[in-house]
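Please view the sequence and the structure together, and then read the points below.

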Amino acid sequence: MADRALRVAAFVACAVLLAACGSTVAGTPRPLRVTDVERELVASYFAALNEAAGQGVSEQHELLADTQHPDFRDEDCELPKGIIKVQPTMSTLRLDPDWTPPGEDEHPRGVVLVVAVTLTAFQEGTEIGSQIGSQHIVLLNGKAYGFAPCAA
């Protein structure tokens with residue numbers, strides 16, 4: 001019995017000594033936040049999207065193709081016939097690390113962010129609809145990528 005008590009005491013002493021060897025980091029833990037650089041990349045993405053819309057359907061479709069996330073480029077994507085203008089509410093921009101694109105099992109490479117947007121669709125210069133929702137943007141290698149609004 002004394003032998004067992006001695007082993008338990010030795011184990012406790014070793015555990016205490018090992019715990020004392022750990023290092024501590026000064027500071028206060030905080031949740032990850034969107035950086036100013038990330039915020040600017042997202043804002044620039046939407047500015048470019050709206051600028052391309054002002055130039056015409058083919059220019060916007062070209063930009064949407066160029067900024068489609070490289071891991072999720074779909075050759076069968078049929079873009080809308082008109083243009084879209086997107087107004088993000090940048091105060092809602094936040095990280096969304098668990099998101100996966102609809103119908104996909106894998107998380108996109110890069111930093112995934114989500115922002116509330118007002119999306120307005122135009123066809124031949126006439127507004128045909130407006131919707132409020134969320135849009136995901138992925139930052140990868142210093143560039144903002146989206147997920148093209150393919151027509152159903």
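What covers the buried residues of α3? The cover includes α2 (36-55) and β1 (83-95). This is a predicted model, in which local features need pLDDT of at least 70 and side-chain atom pairs count only at pLDDT 80 or more, while totals for chains, interfaces and linings use all residues. Residues are numbered from 1 along each chain as its sequence is written, and side-chain values use heavy atoms, with hydrogens and water left out. Helices (H or I, at least four residues) and strands (E, at least two) are DSSP runs, numbered from the N terminus.

**Helix α3**

- The buried residues of α3 (residues 57-66) are Q60, H61, L63 and L64, where buried means under 20% relative accessible area, exposed over 50% and partly exposed in between, for a 1.4 Å probe and protein chains only.
- Seen down the axis of α3, these buried residues fall within an arc of 160 degrees, so they line one face of the helix; the arc is that of the directions from the helix axis to the C-beta atoms.
- On the other side of α3, S58 and E62 are exposed.
- An α-helix has 3.6 residues a turn, so residues three or four places apart point the same way.

**Packing of α2**

- The axes of α2 and α3 come within 6 Å and cross at roughly 150 degrees; axes are lines fitted to C-alpha atoms, for helices over the stretch in contact, and angles run from 0 to 180 degrees between N-to-C directions.
- That makes α2 roughly antiparallel to α3, given that angles under 35 degrees count as roughly parallel, over 145 as roughly antiparallel, 65 to 115 as roughly perpendicular and the rest as oblique.
- From α2, the contact is made by Y45, A48, L49, A52, A53 and Q55, and from α3 by E59, Q60, L63 and L64; contact means heavy atoms within 4.5 Å.
- The residues of this contact divide into 7 nonpolar, 2 polar and 1 charged, where Ala, Val, Leu, Ile, Met, Phe, Trp, Tyr, Cys and Pro count as nonpolar, Asp, Glu, Lys and Arg as charged, and the others, Gly among them, as polar.
- Helix α2 also lies across β1, β2, β3 and β4, and runs at about 170 degrees to β1.

**The sheet**

- The 4 strands form an open sheet in the order β1-β2-β3-β4, with antiparallel pairing; two strands pair if DSSP finds at least two bridges between them.
- The edge strands are β1 and β4, each of which pairs on one side only.
- On average, neighbouring strands of this sheet are turned by 30 degrees against each other, direction ignored.
- Strands β2 and β3 are joined by 13 bridges, and L119 stands opposite Q131 in β3.
- Strands β3 and β4 are joined by 3 bridges; the bridge partner of L139 is A144 in β4, and L140 stands opposite K143 in β4.

**The two hairpin turns**

- Most residues other than glycine have a negative phi, and most peptide bonds are trans.
- The hairpin of β2 and β3 has 2 residues between the strands, and E124 in its turn has a positive phi of about 50 degrees.
- E124 is exposed, with a relative accessible area of 82%.
- The hairpin of β3 and β4 also has 2 residues between its strands, and there N141 takes a positive phi near 55 degrees.
- N141 is exposed, with a relative accessible area of 73%.
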